[in-house]
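Here's a quick briefing to read with the model open beside you.

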Amino acid sequence: MKAMQDLLFVALVSLWCSVAVGVLGAVVLWMMRRSSLVVMMMVLSVVTVIEIAFTFVALGFLGVFTEQALVAVLLVCIPTTAVSLALCLLLGARILNGSRSLARATRTMGEDGRFAAPAQSGSAELAVLTQELAATSAALTASREQERVLEASRRQLIAWVSHDLRTPLAGLRAMTEALQDGMARDQDRYLGLILQETQRLDQLVGDLFDLSRIQSNSLTLSLTPVTLPDLINDAVTAIEPQARNRGVRLVPGGIESIEVRVDVRQISRVLGNLLGNAVRHTHPGGAVTVSAHSAGGTAVLSISDACGGIPVADLGKVFEPGWRGTPARPAGKDVGGGLGLAIVRGIVEAHHGAVAVDNIEGGCRFTASLPLA
């Protein structure tokens with residue numbers, strides 16, 4: 001019983017001494033919170049040794065230890081302190097080297113935008129930070145590249161749209177002046193041409209407005225369940241007169257009864273744009289094939305034409321705003337403002353779908369994937 005009481009007494013004295021020295025050490029570390037991590041580690045080691053020494057001194061004054069035993073313990077604390085400080089210096093040097101390497105790599109990322117991870121990170125925490133910085137650098141690089149591509153596309157779009165606006169405006173001005181001066185012999189023909197050019201301008205401005213809404217993520221969708229064959233039949237019926245005038249056949253290539261949940265107006269526009277492009281670029285006597293099937297939980301809509309194919313180098317640019325396959329508008333051929341396919345991609349992606357294009361024998365095939373209802 002007496003031995004148990006002595007052990008309890010020693011434990012309580014040790015607890016009191018450790019708390020007292022620990023509080024003092026916490027105050028010192030707080031005052032040194034802006035100092036080097038190596039210095040704070042050394043202070044922590046010294047505080048730990050002081051806790052042990054102070055505990056034994058207190059127990060010695062209380063008669064638990066003899067004077068010789070107390071002196072022996074204090075002598076043991078001296079080399080212990082020295083070894084602890086040496087280990088702190090070694091560990092601190094490793095952490096310091098790792099942090100300096102990481103700082104140099106970070107400065108490099110600020111200069112050229114690329115992050116080269118150092119070979120030695122110093123510790124697990126610095127390794128995690130290095131990985132996060134590498135991931136951030138990769139994301140920033142991809143974002144800058146995307147911004148560069150968008151800026152180049154925007155400049156090209158402005159140039160093309162300016163050309164498309166200037167041509168009909170010049171024609172409208174010339175025809176209006178001819179009518180005003182009484183120089184137009186066939187006024188009805190001039191009025192018809194003015195109406196035609198006005199409608200073309202109205203369509204171009206409408207496409208620009210819609211593309212702006214898509215790129216700013218302000219396109220509002222009203223989703224309703226509908227069968228894809230119904231949408232296809234309506235779009236084919238609307239495009240049939242144009243196809244007939246050009247001598248192009250519209251051929252069903254297997255259309256499954258698939259139900260999708262989409263904005264009917266917007267997806268109808270997608271079908272109209274894709275079919276219109278296919279009919280417009282298919283040579284007279286050729287055929288445009290429309291098919292639809294389900295695959296992998298999505299509805300896949302395919303429209304194939306007989307345009308002769310798209311150059312491989314241009315396949316990745318087809319859905320960019322302003323792309324028309326030619327650097328200038330060919331005279332006498334209505335190729336549009338180059339916004340239709342960009343609008344198609346924006347609408348399909350707003351439905352959480354995807355679009356693609358690939359060359360097939362004698363033409364190309366546009367594919368739109370939409371989630372099933």
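Over which residues does pLDDT stay under 50? That happens over residues 326-335, and the model still has 13 contacts for them beyond four places in sequence. Keep in mind that this is a predicted model.

**Confidence**
- Across the protein chain, the mean pLDDT comes out at 79.
- Of the chain's residues, 88% reach a pLDDT of 70 or more.

**Nonpolar core**
- The largest nonpolar core is made up of 47 residues.
- Leu228, Ile232, Leu275 and Phe366 are the ones with the most contacts inside that core.
- Take Ile232: setting aside its neighbours within four places in sequence, it's in contact with Ile255, Leu271, Val290, Ala292 and Leu301.

**Cavity**
- Searching the whole structure turns up 1 cavity of 30 Å³ or more, and the volume of the largest cavity is about 30 Å³.
- Its lining consists of Ile267, Val270, Leu271, Leu301, Val348, Ala368 and Leu370.
- By class, that's 7 nonpolar residues, with no polar and no charged ones.
- Helix α7 (264-281) and strand β7 (363-371) each bring at least two residues to the lining, and α7 has the largest share, with 3 residues.

**Where core and cavity meet**
- Leu271 and Leu301 both line the largest cavity, and both are also in contact with Ile232.
- Ile232, in turn, is among the residues with the most contacts inside the largest nonpolar core.

Definitions and conventions
Residues are numbered from 1 along each chain as its sequence is written. This is a predicted model: local features need pLDDT of at least 70, side-chain atom pairs count only at pLDDT 80 or more; totals for chains, interfaces and linings use all residues. Side-chain values use heavy atoms; hydrogens and water are left out. On a 1 Å grid over the protein atoms alone, a cavity is a set of points where a 1.4 Å probe fits but cannot get out, and a pocket is an open set with protein on both sides within 12 Å along at least five of seven lines; lining residues have an atom within 4 Å of a point. Grid points are joined across faces, edges and corners, and a volume is the space filled by probe spheres set on the points. Helices (H or I, at least four residues) and strands (E, at least two) are DSSP runs, numbered from the N terminus. Ala, Val, Leu, Ile, Met, Phe, Trp, Tyr, Cys and Pro count as nonpolar, Asp, Glu, Lys and Arg as charged, and the others, Gly among them, as polar. pLDDT is the predictor's confidence in each residue, from 0 to 100. Contact means heavy atoms within 4.5 Å. A nonpolar core is a set of buried Ala, Val, Leu, Ile, Met, Phe, Trp, Tyr and Cys residues joined through side-chain atoms within 4.5 Å. Buried means under 20% relative accessible area, exposed over 50%, partly exposed in between (1.4 Å probe, protein chains only).
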